[in-house]
Structures are given as C-alpha cells and as structure tokens.
Amino acid sequence: NGNFTGTLEAEVGMKAKDIADAVVGEFTEMTYSGAAQTPAAVVTIEGVGEVTGSWSEVTNVGDKSTFTANGNFTGTLEAEVGMKAKELEETDVVLETKSVEYTGEAIEPAVTVTSGDATLVEGTDYDVTYSDNVEVGEATVTVTAKGNYSGTIVVKFVIEVPASIAPVQSQTEVVYYDLCGRRVQQPLKGKIYIANGKKVIF
C-alpha cells in the first residue's frame, strides 16, 4: 500500500504442538485372531481438540501400540490396547483316545488343541491336568487356556478292565493281594488285585 505494491509469502515457523499431555480415549474392542491388527482410539489435548496421527499394529494379548502424531502435532505415546483373548470351544480339544485299558499307573492320553487353522502349544497357549486317571472308570482331562486364549474345557475318557483280568465272581473267603504281593484287608471297588493266583478286579 502507500508507495508500494505487490505481495510476498513467508513461512512463519510455527512449531507443531507436542502431544506429551495428550489423553487417549477408549480403544475399539479387538479379539486375538493370530493376525496383526490396527487399533483405534481418539487422542485429544485439552483446549486443542483431536490429535492427528496413527497407531502401530498389534498381534498378541497384552501388546502395546505406539501412536505417532502428524500434521500440526509432534511426538509419540504408547498405550495397551486391551486386546481380548480368544475363547476356546469344546470342539477345539481332541484326545488321542477315548478308551484305554487299565495299567495300574496314571494314564495321560495326548491332547491336541486347535483354534481355526492354528495348532496351539501346550505350556504357551494352554495347560493340561488329569484326574481320576489310574483306576478303572471315567477319567477327566482339563484344558485351561492362557495367553492369547481363554476358557476351560473338560473332556472324559474311560479306563477299562483288561481282557486278561477277570471280575470277582464271589467274595466269600477270598484272600486279596495287591500287585506287589501284600495282603489287602479291605479291597476297594474298581481296583485290581491278585486272588487265587489270578488278577481280578474287585
């Protein structure tokens, strides 16, 4: 104006706002799938509004994601996204066998656990415990998920009397011995003993 004419443009050097005081909102719900996922949560600064930027991918339960600001903002922050573990289903657990002969020792059929196309790893994805798995009758296998998986699945298998062992026909004046040859005063139902020189199940 005045004695001058024309225009010019210059960068004023405005600094991007650091996000050190930013607040992270609630993350969109995610469930473990075995694949990388991009979380979503709004990041804001009081008195300024929503911060522009992006979140890094996460894969496992407990993973943290890094938010990297851009545009008018600068800096990074990290937050746990709260990914949920995937629930196991009863059909995910398969026993090596559902029926096995009595041996006198604890019987532990192998367990295979899958989820979709993935075969899970014992000790990492789940733990296995056995109960009532010595004597003839129904035994129990309990699979307890952990890590990226959740839930408890209980399956059964049967311990059967071997064909070589005869059932007790009569208990009158029969002397029973355990498998180590020690006399048994009060035999227990379902256990195997020696009577009259033969193995029998009481």
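## Sheet 10-12-13

Three strands make an open antiparallel sheet, ordered 10-12-13. Strand 10 (93–95) and strand 13 (118–119) are the edge strands, and each pairs on one side only. Strands here are DSSP runs of E, at least two residues, numbered from the N terminus. Two strands pair if DSSP finds at least two bridges between them.

Strand 10 and strand 12 (residues 111–115) run antiparallel, joined by three bridges. Val 94 sits opposite Thr 112 of strand 12.

## Basis of the model

The model is predicted: local features need pLDDT of at least 70, side-chain atom pairs count only at pLDDT 80 or more, and totals for chains, interfaces and linings use all residues. Residues are numbered from 1 along each chain as its sequence is written, and side-chain values use heavy atoms, with hydrogens and water left out.

## Sheet 2-3-4

Another open sheet has three strands in the order 2-3-4, with antiparallel pairing. Strand 2 (23–24) and strand 4 (49–50) are at the edges with a single partner strand each, so one side of each has no neighbour in the sheet.

Two bridges pair strand 3 (residues 43–45) with strand 4 in the antiparallel sense. Thr 44 faces Glu 50 of strand 4.

## Ser 65

Ser 65 belongs to strand 6 (residues 64–69). Ser 65 counts as buried because its relative accessibility is 0%; buried means under 20% relative accessible area (1.4 Å probe, protein chains only).

A polar atom of the Ser 65 side chain lies 2.7 Å from the backbone oxygen of Ser 56. Beyond its neighbours within four places in sequence, Ser 65 has contacts (heavy atoms within 4.5 Å) with residues including Pro 39, Trp 55, Leu 77 and Val 81.

Terms used: Helix = DSSP H or I, 4+ residues; strand = E, 2+ residues; numbered from the N terminus. Buried < 20%, exposed > 50% of the residue type's maximum accessible area, 1.4 Å probe, protein only. Polar contact = N/O pair within 3.5 Å; in protein donor to acceptor, adjacent residues only side chain to side chain.
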